[in-house]
Amino acid sequence: GLHMLTHYGAERDAGKGVTEAVEDTFVSLLSSLSVAALTTACGFAALMVAEFRGFAQLGLFSTIGIACVLLATFLTFPPLTFALHRLKPLDGSLTRSWKMPAALCRPWKKAPAMIVTLMGFGLLGFGIYELKNLDLLYDTRILIHKARIKGVSHKKAMGASAGAAVLMLADDPEALEEAASAVRRDYPQGLNGKGEPSVLTPGLFVPTDQEVKLEEVERLRDSMDDAFRFGSDEWKEKLEPWRPLVSVDEPITKADMPAWVLDSLSERDKTFGTVGLIYHKFQGWDAKQMLVLSGVLESLREAHPKVRFASSSSVLGEVMPLLRQDGWRVTGLAMLGLLIGTLMIGRSARRTLLILGAIFISVTTTAGLMAVLDWKVNFYNLLVFPVAFGIGVDGAIYVVWSVLGRKNGFAWDDLAVSSRAVLGSTMTTLVVFASLIASENGGLASLGKVATVALGVTLFANLLWLPAIMSWIQGRMKTPLPEQVGAGEEIAE
């Protein structure tokens, strides 16, 4: 929308009527808009092959959304333009006059073009070199709150002695008790090997062999009665505290349980006897420990197929390997989708390589700066890469198409308009993301920081590096660089 509005305004500034300006805007942007939408959609569609469902759903929704936005832009721009002009006719400039920097609207001289071109390749090499130092964030506490938290954590105060819990669920109470006995036997030091096993099941509170135990209790009660009848006062004093324990003469039932037992070990429909808990000492905020817990639970599932083991905190450990595994594959497929989409519509290897070069510089430089600044990849800032990728692809296509979009080679007249639109569309997104840096939520703050860097590098790649390298290529082809850019410079002025 910003690109169409910018080009439409430039056509009106040139003295064209509303109808002619709309038609020329579509003629100028139809190809680049279609290529930008298709390549970005192909990049997001690559996410659908990811095993991590978050990536797969993001790819599906983004691909559909991009197609809908493109169609909506094409369908609504002409009627809205005509309607607004009819309501309030406006001739002349649609925006206040402002001057674009000369580097963004005309070809570069040989020396600065060479310097900026080499600078871009240097950033590309820097990013590739630093990629090995980029790592995932395993300590997820910072994602909750980046400020220093004062006072005592409610969770630590209420549950530090027991730790987090693994839920055991079975259809058969006997299978549940058998699995619980196996866990106590196989993990005498707890699931992480650093404590005592703590396994709670209904069988601890409502024993299954109560008839046999009641017979033993009755025998003990008879013996205690004899002791009180014939024993000394010293023996009677010692046995008195134990007397209530042998007064039980009926089986313990669910109705005798305290409320906390029923709340902890009952299903939603109040079924008692099929739910158990395993308390562990793993730290839920440590993704590495959650990865170990995930492996332990998987082994328990294999050993006890009739019992389901689940832990909400262990999901973090299951997701992290998928993020690491899918990251490189998805990035590669996204680049492949970009390559195929650009070649299909643009049918130009030169334009495709220039666009890929700008994207590679943006993505790798951002990753390299994250490694240098010790910014870890997490669930929040990971979203920056698809967003920056999409904006970077669009901006690169508009800039390259404005110069190399014609069959007769280089034409710089439209660069000023495209650069202005790219600058506006990228800056609006950058400013919004930059505002997140002030958030007290550590995850949102990291999202804002990475996005600001990524979009800043994208601006350099699209608005400086691309014009510089295209000027250098034109100079290598021994094509004279014009001193003036005609209409482009008038628009810039």
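**Notes on the predicted model**

1. Val49, Leu333, Leu336, Ile340 and Met344 together make a nonpolar surface patch of about 430 Å². One of these residues, Leu336, belongs to helix α12, which covers residues 314-346. Leu336 has a relative accessible area of 42%, so the residue counts as partly exposed. Please keep in mind throughout that this is a predicted model.

2. Now for the overall picture. The protein chain contains 17 helices and 4 strands. It has 493 residues, and 42% of them count as buried. The chain exposes about 26900 Å², with carbon and sulfur atoms supplying 62% of that area. Taking the contacts between residues at least 6 apart in sequence, 76% join residues at least 24 apart.

3. Helix α3 is worth a look in your viewer. This helix runs through residues 53-87, and its 35 residues should span 51 Å at 1.5 Å a residue; the end C-alpha atoms lie 48 Å apart, which agrees. Where in α3 does the kink lie? You will find it at Thr76, shortly before the proline Pro78, with an angle of about 30°. Pro78 is also among the buried residues of α3, a list that includes Phe55, Ala56, Gly59, Ile66, Phe74 and Phe77.

4. On to the charged pairs: the count of salt bridges is 10. One of them joins the side chains of Asp225 and Arg243, at 4.0 Å from N to O. This pair links distant parts of the chain, since Asp225 sits in helix α8 (residues 210-230) and Arg243 in the loop between α9 (233-239) and α10 (259-264), 18 residues apart. Asp225 is partly exposed because its relative accessible area is 29%. Arg243 also counts as partly exposed, at 35% relative accessibility.

5. Arg229 and Asp226 form a salt bridge, and their closest N and O atoms are 2.9 Å apart. The two residues are 3 residues apart in α8, so about one helical turn separates them. Is Arg229 buried or exposed? At 53% relative accessibility, Arg229 counts as exposed, while Asp226, with a relative accessible area of 38%, is partly exposed.

6. A further salt bridge brings together the side chains of Asp374 and Lys376, at 3.4 Å from N to O. Asp374 counts as exposed, given its 52% relative accessibility, whereas Lys376 is partly exposed at 30%. Elsewhere, salt bridges that share partners tie Glu11, Lys16 and Asp24 into one network.

7. Finally, a buried residue. Met470 lies in helix α16, residues 442-476. Its relative accessibility is 0%, so Met470 counts as buried. Which residues does Met470 contact, once its neighbours within four places in sequence are left aside? They are Leu354, Val399, Val400, Val403, Leu404, Phe410 and Trp412. As for Leu404, this residue is 66 residues away from Met470 along the chain, yet their C-alpha atoms are separated by 8.9 Å.

Technical notes:
Residues numbered from 1 in each chain as written. Predicted model: local features only at pLDDT ≥ 70, side-chain atom pairs only at ≥ 80, totals over all residues. Heavy atoms only, no water. Expected span 1.5 Å × (residues − 1). Bend = angle between axes of the 7 residues up to and from the residue. Buried < 20%, exposed > 50% of the residue type's maximum accessible area, 1.4 Å probe, protein only. Patch = residues over 30% accessible without salt bridge, like charges linked within 9 Å, V, L, I, M, F, W, Y side chains within 5 Å. Areas by Shrake-Rupley, 256 points an atom, 1.4 Å probe, with all protein chains shown as cover. Contact = heavy atoms within 4.5 Å.
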